[in-house]
Amino acid sequence: MLQVARLAPTLLAESTPLVSAFVTRQQHAAGGFVDRSGQPDLYYTVFGLEGLAAVRADTPAARVRPFLESFGDGADLDFVHLACLARAWASLRDAPNEDFRGRLASRLAGFRSRDGGFNADAGADEGTAYAAFVALGAHQDLGAPVPDPDALAASVRALDARDGGVSNLRGAAKGMTPPTAAAIAVLRQLDAPIPGSYVEWLLRHAHPQGGFVAGPGVPMPDLLSTATAIHALVSMHASIDPLKEACLDFVDSLWNSRGGFHGHWADDEIDCEYTYYGLLALGHLSL
């Protein structure tokens, strides 16, 4: 994803320094990047670091490192923040030693669901597509192969919805865009078969005014769904050429002159997370 996001300055042009300045301002004195309440958070720190890397700005490693060190080996972190700790260390390219990485991987194993997938809730019976995507990425960041990849792929495939997409719950009638995109990413990484229905489903959920909606019946497109859908479609070599102009207009409509992106038309805030999704979308749309 980061490799593609680095293409965003092609379209941002003279606005690129605004993005760099905005993301830089989101770094808290404590070293992490802030959430929407202004508090430093590991989740937003990942997007801050990735956003700066995407616009080829200097990474403030010396300031971030003490913030990451304050979490130790993640003993007190939930699933998402544990994965973010792994991602943030990988972004700094200065991760602690192999023993430390092994302890993080062991903690991730505690979120393995009984069906072989991953779930944000420890001890869950079934995995989710989102957790599978996060866990697989974390293992890659730690340089550790995910155990029993066939079981992980089977867990993801069990989330197929009846309309051809993917849900985060088994037996769902309707899929959702982020889980469908996540399923494509996970199955590709695992070299597992990917149903053609996933691509067809995503294409059906492009909004007439640009962007992608989160699922059937959702009236408004959003930047998360748009960026992840485009990324998944391109990874499957599906043509997005007919959608490019409208998608560019949609992403542009979410741009804020302070240097960030809103999440959707009704969103009054800008933050590191949606700014990164804006960069990811622009990266693909620049090709």
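Trainee: How many cavities of 30 Å³ or more does the structure hold?
Mentor: The structure, which is a predicted model, holds 1 cavity of 30 Å³ or more.
Trainee: And what volume does the largest cavity have?
Mentor: The largest cavity comes to about 40 Å³.
Trainee: Which elements give two or more residues to its lining?
Mentor: Helix H6 (79–92), helix H7 (98–109) and helix H8 (129–142) do. The lining residues include Trp89, Phe100, Arg101 and Asp141.
Trainee: What classes are in the lining of that cavity?
Mentor: The lining has 8 nonpolar and 2 charged residues, and no polar ones.
Trainee: New topic. Where is histidine 284?
Mentor: Histidine 284 sits in helix H14, which covers residues 272–285.
Trainee: Is histidine 284 buried or exposed?
Mentor: Buried, because its relative accessible area is 4%, and the cut-off for buried is under 20%.
Trainee: What does histidine 284 contact, leaving aside neighbours within four places in sequence?
Mentor: Val4, Ile230, His231, Val234 and Lys244. With histidine 231 there is also a polar contact between the side chains, at 2.8 Å.
Trainee: Now alanine 181. Which helix is that in?
Mentor: Alanine 181 belongs to helix H10, residues 177–189.
Trainee: Why does alanine 181 count as buried?
Mentor: Because its relative accessibility is 7%, and buried means under 20%.
Trainee: What does alanine 181 touch, not counting residues up to four places away in sequence?
Mentor: Alanine 181 touches Thr228, Ala229 and Ala232. Alanine 181 and alanine 229 are 48 residues apart in sequence, yet their C-alpha atoms are 5.6 Å apart in space.

Methods. Residues are numbered from 1 along each chain as its sequence is written. This is a predicted model: local features need pLDDT of at least 70, side-chain atom pairs count only at pLDDT 80 or more; totals for chains, interfaces and linings use all residues. Side-chain values use heavy atoms; hydrogens and water are left out. Helices (H or I, at least four residues) and strands (E, at least two) are DSSP runs, numbered from the N terminus. Buried means under 20% relative accessible area, exposed over 50%, partly exposed in between (1.4 Å probe, protein chains only). A polar contact is a pair of N or O atoms within 3.5 Å; within protein, one must be able to donate a hydrogen and the other to accept it, and residues adjacent in sequence count only if both atoms are side-chain atoms. Contact means heavy atoms within 4.5 Å. On a 1 Å grid over the protein atoms alone, a cavity is a set of points where a 1.4 Å probe fits but cannot get out, and a pocket is an open set with protein on both sides within 12 Å along at least five of seven lines; lining residues have an atom within 4 Å of a point. Grid points are joined across faces, edges and corners, and a volume is the space filled by probe spheres set on the points. Ala, Val, Leu, Ile, Met, Phe, Trp, Tyr, Cys and Pro count as nonpolar, Asp, Glu, Lys and Arg as charged, and the others, Gly among them, as polar.
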